[in-house]
Amino acid sequence: MFCPGCGFQLNRIGAFCEVCGRDLQSLQQRVEPGASFLRSEIAVSWRGGQVALGIALVGVAFLLISGATVALERLGGGLDWGAWLGSHAIGIVILITVWLLGQFRGSISLSDVGFRRPRVSWVTALLMAGMALGISLGFTAIYAWFIKGLGIGLLVPPEVPREVIFNGYAAIWTFEALAVWTPLTEETFFRGFVMAGLIPRYGVVGSIVGSALIFSLFHLHPGVLLPIFVAGVLLAVLYHATGSIWPPVLAHAGQNAIALVAIMFQG
């Protein structure tokens, strides 16, 4: 087990971490017997009730912010400004929600939501992130090709218009919003908060599937539900395997950055 406060690998599980003094007794949870993959070393103080409330709050905020960005576009604000402002607004809501609800049995730290060093080497963590990114991109490409071949228009991933990206050198701000800020805040919420909070009740596999399903549903369009679900599973497995939120953030950021580059040079 790794201490959720400082990330130190504990040789024995006592009441307190021998390095930082973190209270471990209240955070201990039952883990499934069997394969090591099913054993969780991610322990947090919040539970399913806080997770459900967090999903509701962020979901309502997401709908309201999406409506505001549509209104901004109709007023001549442009898709680029809508994407930039919407991304930052929902990210701020996510961080506030996690901070408030994460204090279920005491204070919450960055380490509690995964901002700690991986339990594997950084080289291994980066390779795993690259593998998850490659599998996600490959599945999305195959899925789009297959669905287009079947002619099921409703399930075809939508094309994002070029206008969502700022023109010229200002495009860096679109990358900042969608390839840095969004992956950072979304991984904090869906993996660091939602997935970790579901583990005590649903186990590792259940929390991976559940958090991926919620992640997928937040993207709304039927054409991306399955690809986003698969990406969510990969990111959740990556978080569980490394014990750190940084590898999922990097994989998520890579996928968004590649998508933005493709949009910039499409057509």
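These legends walk through several close-up views of one predicted protein model.

This is a predicted model, in which local features need pLDDT of at least 70 and side-chain atom pairs count only at pLDDT 80 or more, while totals for chains, interfaces and linings use all residues. Residues are numbered from 1 along each chain as its sequence is written, and side-chain values use heavy atoms, with hydrogens and water left out.

View 1. The protein chain has 6 helices and 0 strands (DSSP runs numbered from the N terminus: helices are H or I with at least four residues, strands are E with at least two). Of its 267 residues, 45% are buried (buried means under 20% relative accessible area, exposed over 50%, and partly exposed in between, with a 1.4 Å probe and protein chains only). The chain exposes about 13400 Å², and carbon and sulfur atoms supply 70% of that area (Shrake-Rupley method with a 1.4 Å probe; for residues, only the protein chains shown count as cover).

View 2. Ser136 belongs to helix α3. Is Ser136 buried or exposed? Ser136 counts as buried because its relative accessibility is 3%. Leaving aside residues up to four places away in sequence, Ser136 touches Ala231, Leu234 and Gln255 (contact means heavy atoms within 4.5 Å).

**View 3. A nonpolar patch lies on the surface.** Ile142, Trp145, Phe146, Leu150, Ile152 and Leu154 make up this patch, with about 690 Å² of accessible area together. Patch residues have over 30% relative accessible area and no salt bridge, and nonpolar side chains (Val, Leu, Ile, Met, Phe, Trp, Tyr) are joined within 5 Å, like charges within 9 Å. A salt bridge is a side-chain nitrogen of Lys or Arg within 4 Å of a carboxyl oxygen of Asp or Glu. One member, Ile152, lies in the loop between α3 (122–150) and α4, and counts as partly exposed because its relative accessibility is 34%.

**View 4. Leu220 has a positive phi.** Find Leu220 in the loop between α4 and α5 (222–242). Its phi is near 65°. Most residues other than glycine have a negative phi. Leu220 is exposed, with a relative accessible area of 53%.
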